[in-house]
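Please read them with the structure open.

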Amino acid sequence: MYEKNVRPDNDFRLTEKEIESALSQTPKAIRDDILESQHNVRRFAQQQRNTMKDLSWEDPEQPGVTLGHRHIPIERVGMYIPGGRYSHIAAANMQAVTAKVAGVSSFVACTPTKPDIMDADGKLQPHPYLVSALHLGDVTDICAVGGVQALGMMAHGTKHCKPVDFLTGPGNAYVAESKL
């Protein structure tokens with residue numbers, strides 16, 4: 001009974017077909033709300049980023065010594081989006097859009113499946129609105145896995161998931177502890 005619901009070969013990434021299905025299940029009004037939210041997050045994040053300037057100066061007490069700081073984006077970020085009772089679309093928007101504005105080049109997002117949401121083949125799926133928000137936020141690797149297992153997968157990598165440099169996202173006490 002459960003075997004048909006498990007993703008083969010431990011590849012938890014959603015396929016293009018699954019993402020397109022989620023988008024088609026998301027009403028236009030919800031997609032518009034997601035895009036408006038992402039627009040607002042992007043505007044704020046960009047204004048915030050514009051205040052962060054790279055600085056360097058020569059130390060007056062040590063000629064030839066240059067001091068300062070540079071803002072260098074993290075290469076790959078793992079985003080955890082809790083499932084629980086509710087789908088956290090705001091968490092998806094805040095993490096994906098803010099990381100993109102910061103210059104992160106590679107993303108993976110993990111979110112658990114919902115027990116009452118299955119595709120045509122009987123595989124459990126995350127909430128379609130959440131998948132839509134991640135896709136519209138330019139997240140290319142969306143994985144249907146939750147809890148500390150998701151954080152372990154992102155942190156250490158698997159056959160199908162390259163490890164990340166930084167983990168973000170809310171969660172329960174176990175999730176918070178595992179992110180440390």
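This is a predicted model: local features need pLDDT of at least 70, side-chain atom pairs count only at pLDDT 80 or more; totals for chains, interfaces and linings use all residues.

1. The protein has six helices and eight strands. Along the sequence their order is α-α-β-β-β-α-β-β-β-α-β-α-β-α. The C-alpha trace spans about 75 × 35 × 30 Å along its principal axes.

2. **Burial and surface.** The protein has 180 residues, and 37% of them are buried. Its accessible surface is about 10900 Å². Carbon and sulfur atoms account for 55% of that surface.

3. **Contact range.** Take the contacts between residues at least 6 apart in sequence. Of these, 71% join residues at least 24 apart.

4. **Main core.** Which residues have the most contacts inside the largest nonpolar core? They are M79, I81, L134, V139 and I142, in a core of 22 residues. Several elements give two or more residues to this core: α1 (16-25), β3 (76-80), α3 (89-102), β4 (106-111), α4 (128-136) and β7 (141-144).

5. **L134 in detail.** Leaving aside residues up to four places away in sequence, L134 touches I81, A92, A109, V139 and I142. Among these partners, I81, V139 and I142 are also on the list of residues with the most contacts inside the largest core.

6. **Salt bridges, overall.** The count is four salt bridges. Three are taken up in the next points, starting with K123 and E18.

7. **K123 and E18.** The closest N and O atoms of this salt bridge are 3.5 Å apart. K123 sits in the loop between β5 (114-118) and β6 (124-125), while E18 is in helix α1, so the bridge ties together parts 105 residues apart in sequence. Are these two residues buried or exposed? Both K123 and E18 are buried.

8. **R76 and D141.** This salt bridge has an N to O distance of 3.8 Å. R76 is in strand β3 and D141 in strand β7, so the pair links parts 65 residues apart in sequence. R76 counts as buried because its relative accessibility is 5%, under the 20% cut-off. D141 is partly exposed, at 22% relative accessible area.

9. **D32 and K28.** Here the N to O distance is 2.8 Å. Both residues lie in helix α2 (residues 28-50), four residues apart, or about one turn of the helix. K28 is exposed, with a relative accessible area of 53%. D32 is partly exposed, at 35%.

10. **N93.** This residue is in helix α3. Why does N93 count as buried? Its relative accessibility is 2%, and buried means under 20%. The side chain of N93 makes a polar contact of 3.1 Å with the side chain of S37. Not counting residues up to four places away in sequence, N93 touches I34, S37, Q38, V41, T98 and A133.

11. **T26.** The residue lies in the loop between α1 and α2. T26 is buried, with a relative accessible area of 1%. Its side chain reaches the backbone oxygen of P128 at 3.4 Å. Apart from residues up to four places away in sequence, T26 touches R31, P128, Y129 and S132.

12. **L55 and its patch.** L55 belongs to strand β1 (residues 55-58). L55 is partly exposed, at 45% relative accessible area. Together with W57 and L67, L55 forms a nonpolar patch on the surface. The accessible area of the three residues together is about 280 Å². How far apart are L55 and N93 in space? The C-alpha to C-alpha distance is 30 Å, for a separation of 38 residues in sequence.

Conventions:
Residues are numbered from 1 along each chain as its sequence is written. Side-chain values use heavy atoms; hydrogens and water are left out. A nonpolar core is a set of buried Ala, Val, Leu, Ile, Met, Phe, Trp, Tyr and Cys residues joined through side-chain atoms within 4.5 Å. Buried means under 20% relative accessible area, exposed over 50%, partly exposed in between (1.4 Å probe, protein chains only). Contact means heavy atoms within 4.5 Å. A polar contact is a pair of N or O atoms within 3.5 Å; within protein, one must be able to donate a hydrogen and the other to accept it, and residues adjacent in sequence count only if both atoms are side-chain atoms. Patches are made of residues with over 30% relative accessible area and no salt bridge: like charges are joined within 9 Å, nonpolar side chains (Val, Leu, Ile, Met, Phe, Trp, Tyr) within 5 Å. Accessible areas come from the Shrake-Rupley method with a 1.4 Å probe; for residues, only the protein chains shown count as cover. A salt bridge is a side-chain nitrogen of Lys or Arg within 4 Å of a carboxyl oxygen of Asp or Glu.
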